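Welcome, and please open your viewer with the model loaded. We will take a short walk through it, one selection at a time.

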Amino acid sequence: MEFAFFSGKSVAILSIAFTIPVGLIIPFIWDVFTYGMRSISTVMMAPDIGARIYMTLNRLLIPFGLHHALSSTVRFTEAGGTYLIDGQTYVGILPAMNKILFELGPNHPAWNEFMPTLCSYLASSQMLTTLFRVPAIGLAMYHMAYFKNKKFAKGMILTVVLTAFLGNITEPLEFSFLFIAPKLFIIYAITVRPVDHPVANAGSVYRVYSRHHL
């Protein structure tokens with residue numbers, strides 16, 4: 001079956017012929033992409049609204065499977081900002097957060113300076129969706145189902161809700177949501193609010209505790 005791809009097909013040859021010149025051209029135009037990512041950073045990392053824009057785009061891109069591309073861009077490129085910590089520059093939110101969280105700790109000044117912003121772009125907001133928003137959407141779907149379809153709807157909705165709740169995979173329910181009520185899905189994507197300070201607040205609690213008990 002694997003070799004059927006090559007039998008009488010020119011896809012592989014055309015792919016090679018296309019990717020070689022693209023690979024040779026990209027190094028010469030990469031500065032343009034870098035500039036574009038820095039420009040995006042001013043919007044994506046804007047105080048108060050940047051994380052909300054990111055979360056909205058993340059939900060809207062899920063039907064196209066491109067939300068991982070957005071996440072990776074913010075986490076590892078200039079689109080996620082650059083951070084000067086102890087004289088070293090970190091590009092993207094994830095390297096900066098790893099440095100602060102695993103090496104510097106909550107007593108370092110960078111914790112208060114950067115962690116509230118960095119946390120709002122990572123898993124805390126996704127967990128809020130999988131643990132609370134998705135079950136709420138599933139419950140609404142069940143209540144709105146016709147009485148004769150409730151038994152079928154209950155089994156299907158329970159399956160996709162548990163998939164999100166236990167496995168952090170929200171696509172089955174969100175795809176269903178999109179096909180059932182596309183306008184409402186857009187409203188849902190716009191009103192998704194990030195969680196701003198979960199780890200940062202934990203650091204504050206740790207500092208207060210350590211002053212009094214350690």
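Start with the residues that line the largest pocket: sorted by class, 8 are nonpolar, 8 are polar and 3 are charged. This is a predicted model, so keep the colouring by confidence at hand.

How many residues line the largest pocket? There are 19, and those nearest its centre are Asn58, His67, His68, Ser71 and Gln126.

Now colour by helix. At least two lining residues come from each of α2, α3 and α6 (123-144). Which helix gives the most to the lining? It is α3, with 5 residues.

Next, select helix α2 (residues 50-61) together with helix α3 (residues 67-76). Their axes lie 8 Å apart, and the two helices pack at an angle of about 150 degrees. Because angles over 145 degrees count as roughly antiparallel, α2 is roughly antiparallel to α3. To see the contact itself, pick Tyr54, Leu57, Asn58 and Leu61 on α2, then His67, Leu70, Ser71 and Val74 on α3. By class, this contact of α2 with α3 holds 5 nonpolar and 3 polar residues, and no charged ones. Asn58, His67 and Ser71 belong to this contact, and they are also among the residues nearest the centre of the largest pocket.

Finally, switch to pLDDT colouring. The protein has a mean pLDDT of 80, with 84% of its residues at 70 or more. Then select residues 196-214, where pLDDT stays under 50. For that stretch the model has 24 contacts beyond four places in sequence.

Conventions. Residues numbered from 1 in each chain as written. Predicted model: local features only at pLDDT ≥ 70, side-chain atom pairs only at ≥ 80, totals over all residues. Heavy atoms only, no water. Axes fitted to C-alpha atoms, helices over the stretch in contact; angles between N-to-C directions. Helix = DSSP H or I, 4+ residues; strand = E, 2+ residues; numbered from the N terminus. Parallel < 35°, antiparallel > 145°, perpendicular 65-115°, else oblique. Contact = heavy atoms within 4.5 Å. Nonpolar A, V, L, I, M, F, W, Y, C, P; charged D, E, K, R; others polar. 1 Å grid on protein atoms, 1.4 Å probe; cavity = no way out; pocket = protein on both sides within 12 Å on 5 of 7 lines; lining within 4 Å. pLDDT = per-residue confidence, 0-100.
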